[in-house]
Every structure is written in structure tokens, then in C-alpha cells.
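Subject: Handover of a structure and notes on its features

Dear colleague,

Please find the structure below, followed by an account of what was found in it. I would be grateful if you could read the notes alongside the coordinates.

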Amino acid sequence: GLFALKVEENPFAMQLHHVQETRQVVYLLQLDALLRENDEGDREGAAESCQAILNTARSLKAEPFLIGLLVRIAEQAIAIASIERLLGQGQVSERNLQKLQELLQAEADDDGLHKAMRGERASGQQTYVRLRQGKTSFTELFGMTNLNVGVSERLLDAFPGIILNGYPEYLQLMNEQVRACKLKDVERAEALGKLEKKVRETRGNVLIQLIMPATAKVAQASQRSQAWLRCAFVAVAAERFRLNHDAWPRGIDDLVRDGLLKGIPKDPYDGKPLRWKRTPTGVLVYSVGPDKIDDGGKLNRNNPLAAGTDLGVELWNPQLRGVAPPAEEEAK
């Protein structure tokens, strides 16, 4: 299901409590998955909780604001981490693996950035109209955006033309951002990078600095989520292959030949196929990450964006799953 939005004339007055409330649902489902797989040994139930996390994230797919997209991205990350941990503990049925793969792929197919940017552009237009008509003051606007209200904002109230005259340039930049967000992966990142530089150079335009969203940063989060989602559904497909053949695939192309994938997903950072690595303990599907350097699948789960690391999802050989970590040697 999706959430209904109550239309408000003032976009900054819209109530988006439901967006943050989905976080609480996801946290409960995350704990439920941990409880089922650890204390109850119910891995099938844990897999269903992971599916529910993805469905909760997907309930935000129609949100026309960047905040909704950011929350959805955070929930996707929780789902992927929960799935990786679940498959590190033991085996899940083909039926539930297929459902997880389908949900992960559905999230990867619709990243939502273009839709959210269109909503932000509409909010900017409505804000401009209200300011021009005198229905919203700059002091009120700064207060609603949690910015400090001072003498400069009161001066803007007295001389609104200072800021409203910059609207054509603002709208042009917003249109360019919306068009850039229709692109994918590398092309989108390059286009938004150029626009971010352009925005920094428009320091004299107060309106742009006030309500131009930090799209480049949101786009970076979306690109990172795309890398994880693609690695995750490939990893789940590899686990399905292992169940069917009692052996790991030799590469992602085996999954395509077996009908588990339609094609080899691209790495959103460099446009090349996602990387596949056979390790002594299992297999690894990974992306080169923001630095675009292949570090051989080195992962850092505490700091995924650390230098010298990649982004990916790891699977373990069956005999290594559910093994307790080695006990630390007691201090003498």
C-alpha cells in the first residue's frame, strides 16, 4: 500500500509523520528477524520479516519529497544487512529466497529520485507563489525550515524583490536537476555533479541558497543504495543456484544462463558489470564504490565508505554458517 498525502497550500506545512513512523516499523521487523533466527531458529519466519522490511520501504515509493526517499534508502540498507546476516546463519527455502530477490530487484528498478525531485520543484514553485502573493513571509519561511531568523530575514520581508527576482534562475536550475535525475548511474552522477558546481557559483541568488535541495548528496545516497540492492539480489540469486545445484556458480553469467537473472547488473559507479569473487569462505558480489577503484572486494561494514574499500554482499559456505565467533582469550 501507499500513503495518502493531505494537500496543503503551504508545502512546508505538510505533515509527513508517516514517513518517519515507517522507521519504527522497520526497526521492529529487524528485531523480529533477529529474534526468529537466533532464539527461535525460525529462519523462514526471519526471511518473511526481511520481506516485510522491503515492503515497508516500498510503501514510500510514491513520496514526492527527498525526505521520503532518504528514509526509504535507510530502510533498504537495513533490509540488505538483515538478509546478509540471515544467510550467514543458515539456509532459507527457495520460495522465500525467490520472494526476497523479487523485492530487492523491484526496489532497484525504481530508485525514486526523479519523482522526488519533481515534488521538490513543485514545492519551490508553490513557495515562490505564496511569497509573491504575500501569503508567506520570509521570517515564517525561515522558521519552518528550522533556520535562524535574524535581521536579514526581516529586511527581506520589507524588500521581497531582492529574493523573488532570482526565481527564473532558480526554476531553470530545478528543471535541469529534474532532467538530470531521469538519467541513470554514471550519466546521472556526472550531470548532477556539474549542476552542484553551478549552484555553488550562484551565491548572489538568495532564493537558490534558501530552497534549492542538496540533490547531489541525496543522489549519492541513491547511487550507494543502488549498488547494494543490485549486489543483494545477485547474491540471493547465487544462493538459489547453490540450493539447486549444490555448488556455487562460477560467475554471475551462470545465473543468467540458469534463468535466475535476466542479465548481469551494471555497477552504478563505473557502468561495468558487478564484480564476482570466489573466496575461501564463500562468494562475494561487489561494486567498486564511490572511489571507483576495485579493491578486490574488501568490505568495511562499520564504515562502508572508508578509503580502500568496496561495497558488496557476502555469502558463506554452508558449513561455515551459524558458527559462533571464536572466544577471546582471557586476560592473564
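Helices are DSSP runs of H or I with at least four residues, numbered from the N terminus. Helix H1 covers residues 17-38, and because Asp-32 and Arg-36 are four residues apart within H1, about one helical turn separates them. The two residues form a salt bridge, with the closest N and O atoms 3.1 Å apart. Asp-32 counts as partly exposed at 23% relative accessibility, and Arg-36 is likewise partly exposed at 23%.

Confidence and overall make-up

Please note that this is a predicted model. The mean pLDDT of the chain is 87, and 86% of the residues score at least 70. Confidence is highest in helix H13 (residues 252-257), at a mean of 98, and lowest in helix H7 (residues 151-158), at 50. Over residues 144-149 pLDDT stays under 50, and the model has twelve contacts for this stretch beyond four places in sequence. Where pLDDT is low, the predicted coordinates should not be read in detail.

The chain has 13 helices and three strands. Of its 332 residues, 47% are buried. Its accessible surface comes to about 16700 Å², and carbon and sulfur atoms account for 52% of that area. Among contacts between residues at least 6 apart in sequence, 66% join residues at least 24 apart.

Further salt bridges

The whole structure contains 19 salt bridges. One of them joins Glu-84 and Arg-301, whose closest N and O atoms are 2.8 Å apart. Glu-84 lies in helix H3 and Arg-301 in the loop between S2 and S3, so this pair ties together parts that are 217 residues apart in sequence. Glu-84 is buried, with a relative accessible area of 12%, whereas Arg-301 is partly exposed at 48%.

Asp-270 and Arg-275 also meet through their side chains in a salt bridge, at 2.8 Å from N to O. Here Asp-270 is partly exposed, with a relative accessible area of 24%, while Arg-275 counts as buried at 15%. Elsewhere, salt bridges with shared partners link Arg-250, Asp-253, Asp-254 and Arg-257 into one network.

Helix H5

Helix H5 comprises 21 residues (residues 113-133), which at 1.5 Å a residue should span 30 Å; the end C-alpha atoms are 30 Å apart, so expectation and model agree. The buried residues of H5 include Leu-113, Met-117, Glu-120, Tyr-128 and Arg-130. After H5 comes Gly-134, which has a positive phi, near 80 degrees.

Two loop positions

Ser-59 sits in the loop between helix H2 (43-58) and helix H3 (66-89). With a relative accessible area of 10%, Ser-59 is buried, and its side chain reaches the backbone oxygen of Thr-56 at 2.5 Å.

Leu-305 belongs to the loop between strand S2 (282-287) and strand S3 (311-316). Leu-305 is partly exposed, with a relative accessible area of 46%. Leaving aside residues up to four places away in sequence, Leu-305 touches Arg-224, Pro-290 and Leu-311. Pro-290 is 15 residues from Leu-305 in sequence, and their C-alpha atoms are 7.5 Å apart in space.

Yours sincerely

Methods. Residues numbered from 1 in each chain as written. Heavy atoms only, no water. Buried < 20%, exposed > 50% of the residue type's maximum accessible area, 1.4 Å probe, protein only. Polar contact = N/O pair within 3.5 Å; in protein donor to acceptor, adjacent residues only side chain to side chain. pLDDT = per-residue confidence, 0-100. Contact = heavy atoms within 4.5 Å. Areas by Shrake-Rupley, 256 points an atom, 1.4 Å probe, with all protein chains shown as cover. Expected span 1.5 Å × (residues − 1). Salt bridge = Lys/Arg side-chain N within 4 Å of Asp/Glu carboxyl O.
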